[in-house]
Amino acid sequence: MKLFGSKNKKPSQQAYAVVTGAGSGIGRSFALELARRGGTVVCSDINLEAAQATVSLIEQLGATAFSVQCDVAKAEQVSELAEQAEKLLKNPVTLVINNAGIGLGGKFDEMTMEDWQWCMDVNLWGVIHGCRAFVPKFKQLGYGAIINVASAASYTAAPEMTVYNVSKAGVRALSETLSAELKKFDIQVNVLCPTLVPTNIIKNGKVPHKGILDYALTHLAFTTSDKVAKLTLNRLDRNKLYTIPQFDAKLFWLMKRTAPNLYAKFLGTSYRLMK
């Protein structure tokens, strides 16, 4: 197996990492798991207190972490995060996890332009800003790794989730393109595409049927954010592009890839019956 970069190790081991949206959910789980693997982590979040809480948990593990407030929707703040991270870590960043995201649902014709702007700014542009800030640094370093958090929504295309689906499909397409483009620079890319994971994305987002989704998160999630983070880092270490963690996510992935027209008919029929 090819060893990672000049550091002669797997990308998740002893990483100098930046995690966006690290104040809760999958982002916090990534930060903690990286600390367990000997990493030093810059925990970024729009909510500084939440990021500081994650840092406290990491310090309880005996590892080192730093908190930085950052709104990933603003390119200048992400660029500043990249510069600040190197100063805090006193080393070049070797891994960036573009995790920050928001939830948004509703019928297509009920979504306002403000809804579109908000969701795309965070979910898609936030990831683009992260990649733009760190890819040149990785090229200069001679290696690096990127994990972009998308969603199974990027390919399931569930009704009443248009804006969210489009934002996450963009993240998946970006990750697939970067994976091909950056291989020659020894920069690894992984894109995470889960279905339901118990996090704050439903509570903090603007989504319909919150009661149903809260029940599903409690009883039908099939996994935890800790398990998702660990699996994703393991797959990054094996130089795998996709992480599709749950059974239902894998099933929809298979259906969409093998029988896309049949899947579209199934989706439309199911939605009409539910209504």
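Here are a few friendly notes on this predicted model, point by point.

1. Let's begin with helix α6, which covers residues 162-182. Buried residues in α6 include Val-163, Tyr-164, Val-171, Leu-178 and Leu-182.

2. Two backbone spots deserve a look. Lys-90 is not a glycine, yet its phi is positive, at about 60°. You will find Lys-90 in the loop between α3 (75-89) and β4 (95-98), and it is exposed, with a relative accessible area of 72%. Ala-157 also has a positive phi, near 55°. Ala-157 sits in the loop between α5 (153-156) and α6 and is partly exposed at 39% relative accessibility.

3. On the aromatic side, the count comes to six pairs. One of them joins Phe-108 and Trp-116 edge-to-face, with 6.4 Å between centres and 80° between the planes. Phe-108 is exposed, its relative accessible area being 55%.

4. Another edge-to-face pair is Tyr-155 with Trp-253, at 4.9 Å centre to centre and 75° between planes. Tyr-155 belongs to α5 and Trp-253 to α10 (residues 247-258), so this pair ties together parts 98 residues apart in sequence. Tyr-155 is buried at 2% relative accessibility, and Trp-253 is buried at 15%. Together with Tyr-242, these two residues form one aromatic cluster.

5. Finally, check Lys-139: it lies over the face of Phe-185, 4.5 Å from the ring centre.

Methods. Residues numbered from 1 in each chain as written. Predicted model: local features only at pLDDT ≥ 70, side-chain atom pairs only at ≥ 80, totals over all residues. Heavy atoms only, no water. Helix = DSSP H or I, 4+ residues; strand = E, 2+ residues; numbered from the N terminus. Expected span 1.5 Å × (residues − 1). Buried < 20%, exposed > 50% of the residue type's maximum accessible area, 1.4 Å probe, protein only. Phe/Tyr/Trp six-rings, centres within 6.5 Å; stacked < 30°, edge-to-face > 60°. Lys NZ or Arg CZ within 6 Å of the ring centre and 35° of its normal.
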